[in-house]
Amino acid sequence: MTTVAQAQPNIALIKYWGKRDHSKNLPAVSSLSVTLQSLWTRMSVDFLESDAPDTLLVNDAHAPAMLARVSHCLDLVAGPGRRSANVVSQSNFPIGAGLASSASAFAALVVAADRESGGSRDTLELARLAGASSGSAARSLYGGFVELTAGEDQIDVQTVCESSEWPLEVIVAITEEGPKPVGSGEAMIRGEGTSPFYSSWLERQDDDLNAAREAVLDRDFGKLAAVAEHNCLKMHSVMWSSKPPIVYWNNATLSCMETIRALQSERVPVFFTIDAGPQVKAVCLPEAADVVSSALEQTSGVINTMRSSLGPGARLMETA
Ligand code: DP6
C-alpha cells in the first residue's frame, strides 16, 4: 500500500524562534501563521515487508541529509519497531531556501505515515508529532490563520480564523534559489546561547501574539501589518546579534522591503515578513495583489514571484 498526503507551507506572522526543549523540539515561544494555498508538498509513504533501510526521494533526487529526520518522524508516528519505508516527496517550490519546505514536508509526512501504519490520530495529535520534527510543521496541519501555543510540555495548535473569513493574499519574492547557509535549528541554538536580545525576544512575544490575534479577529489590516513587521525584524535582530552573526538577507531582500515601504506610502495595504532565508513574503488584501505582485517582479534582484491565497491544512490525497 502507498499513502499520499499533501500539505502547504505556512508563513509565520508572529515568529517561532528558539526552543524550550531541544530533545522534544518544543518551541520557546508561541506563534501565529497563515497557511498557503498554491504552494504544496506531496508525500507518499510506503511501508515495506522488509528490513532494508528507509529511502527518501525529494523532487526525484536522493536526499541523505533529510533522511535521518524523516526516519525519526516515521518512528514517532509508527513506533520504533515499524517496517522500513520508501518515502517520496514532491514540492512545487524551492526547498530549503526559507520557504518553509520542512513545514509542509513534515505535516504531509505525519498524515501519510499515520494512515499508512493503520493509525487514526486527530489533527492535534498529528500536529504535535509534526512539531516534534519541525516546529513550524505543526501549524501546517491547520488551515487559515493558525495559532500555536507553546506550553511547558507540549504545544496546542488551532485555527483562529478561517481563510474564507479573511482571504488575504501572499506574494513570495524569490531572491535566491540555493539552500540556506545555516539551518534554522542550528541558527536558533546560536541565538539562544549568544544573542543579547534573546531574553527580551522571549519576554515580549506574548504581547505581539495578543496584538496579532486581536488584529486578525477584528480584520484590522493596519494593526496586523505593524505587529507582524515588528516581530519579524525583532527575530532578525536576534539572528544578526548572534555570535557568529546570521544574516539571511541579500541586497534584493532589502530592495523588496523598500518596494513594500513605497507601496505602503501610497496606502497600498501590504506588509512584509521574512524567515530564515532571503525571500520576502508580502501579505496583502486581495485588491492589492496585482499591484504588489508587479512591483515585486520589477524589483532589482527578484528572480521570480509566486502568489498564493490562504488555504487548508494537511490532508490525505489517496491510498492505493
Ligand atoms: C523563521 O520550524 O524550520 O520560519 O523546529 O528546528 O525545524 P525546526 O525549525 P523550523 O523554524 C522555523 C523558523 C521560522 C519562523 C516560523 O516559521 O515561525
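# Close-up views of a predicted model

**View 1. The loop that holds Asn25.** Asn25 sits in the loop between E3 and strand E4 (26-27). As in every view below, what is shown comes from a predicted model. The phi angle of Asn25 is near 50 degrees, which is a positive value in a residue other than glycine. Is Asn25 buried or exposed? With a relative accessibility of 8%, Asn25 counts as buried, because buried means under 20% relative accessible area.

**View 2. The loop that holds Asp60.** Asp60 belongs to the loop between strand E7 (55-58) and strand E8 (61-62). Its phi is near 75 degrees, again a positive value in a residue other than glycine. Asp60 has a relative accessible area of 61% and is therefore exposed, the cut-off for exposed being over 50%.

**View 3. The surroundings of the ligand.** The ligand is surrounded by 18 residues. The closest are Tyr16, Lys19, Gly135, Ser136 and Arg139. In the side chain of Tyr16, an N or O atom is 2.7 Å from an oxygen atom of the ligand. For Arg139, the distance from a polar side-chain atom to an oxygen atom of the ligand is 2.7 Å. Arg69 also has a polar side-chain atom 3.2 Å from an oxygen atom of the ligand. Taken alone, the ligand exposes 460 Å², and the protein buries 92% of that area.

**View 4. Ser31 and its contacts.** Ser31 is part of strand E5 (residues 31-35). Its relative accessibility is 1%, so Ser31 counts as buried. Which side chain makes a polar contact with the side chain of Ser31? The partner is the side chain of Arg139, at 2.9 Å. Arg139 also has a polar side-chain atom 2.7 Å from a ligand oxygen atom. Leaving aside neighbours within four places in sequence, Ser31 is in contact with Ile14, Lys15, Tyr16, Arg139, Val146, Glu147, Leu148 and Leu209.

View 5. In soluble globular proteins, nonpolar side chains tend to be buried together. The largest nonpolar core of this model has 37 residues. Those with the most contacts inside this core are Leu74, Val87, Leu109, Val110, Leu141 and Val157. Helix H2 (residues 101-116) gives the most to the core, with nine residues. Apart from it lies another core, of 36 residues, including Ile171, Cys232, Val280 and Val302. What does Leu141 touch, not counting residues up to four places away in sequence? Its contacts are Ala107, Val110, Val111, Thr123, Leu126, Ala127, Ala130, Gly313 and Ala314.

**View 6. Asp114 in helix H2.** Asp114 is located in helix H2. It counts as buried because its relative accessibility is 4%. A polar atom of the Asp114 side chain lies 3.5 Å from the backbone nitrogen of Ser120. Not counting residues up to four places away in sequence, Asp114 touches Val77, Gly119, Ser120, Arg121 and Leu126. Leu126 is also one of the residues that Leu141 touches.

**View 7. The two faces of helix H4.** Which residues of helix H4 (residues 184-194) are buried? They are Ala187, Met188, Arg190 and Gly191. These residues cover an arc of only 160 degrees around the axis, which puts them on the same side of H4. The exposed residues Glu186 and Gly193 are carried by the face of H4 turned away from its buried side. The buried residues of H4 pack against strand E3 (19-21), helix H5 (198-217) and helix H6 (221-240).

View 8. Lys243 and Pro244 are joined by a cis peptide bond. The omega angle of this bond is about -10 degrees. Pro244 lies in the loop between H6 and helix H7 (251-265).

**View 9. Lys281 in strand E14.** Lys281 is found in strand E14 (residues 280-284). Its relative accessible area is 0%, so Lys281 is buried. Which side chain does the side chain of Lys281 meet in a polar contact? The contact is with the side chain of Asp275, at 2.9 Å. Lys281 and Asn304 are 23 residues apart along the chain, and their C-alpha atoms are separated by 12 Å.

Note on methods:
Residues numbered from 1 in each chain as written. Predicted model: local features only at pLDDT ≥ 70, side-chain atom pairs only at ≥ 80, totals over all residues. Heavy atoms only, no water. Buried < 20%, exposed > 50% of the residue type's maximum accessible area, 1.4 Å probe, protein only. Helix = DSSP H or I, 4+ residues; strand = E, 2+ residues; numbered from the N terminus. Arc of directions from axis to C-beta. Contact = heavy atoms within 4.5 Å. Core = buried A, V, L, I, M, F, W, Y, C linked by side-chain atoms within 4.5 Å. Near = heavy atom within 4 Å. Polar contact = N/O pair within 3.5 Å; in protein donor to acceptor, adjacent residues only side chain to side chain. Areas by Shrake-Rupley, 256 points an atom, 1.4 Å probe, with all protein chains shown as cover.
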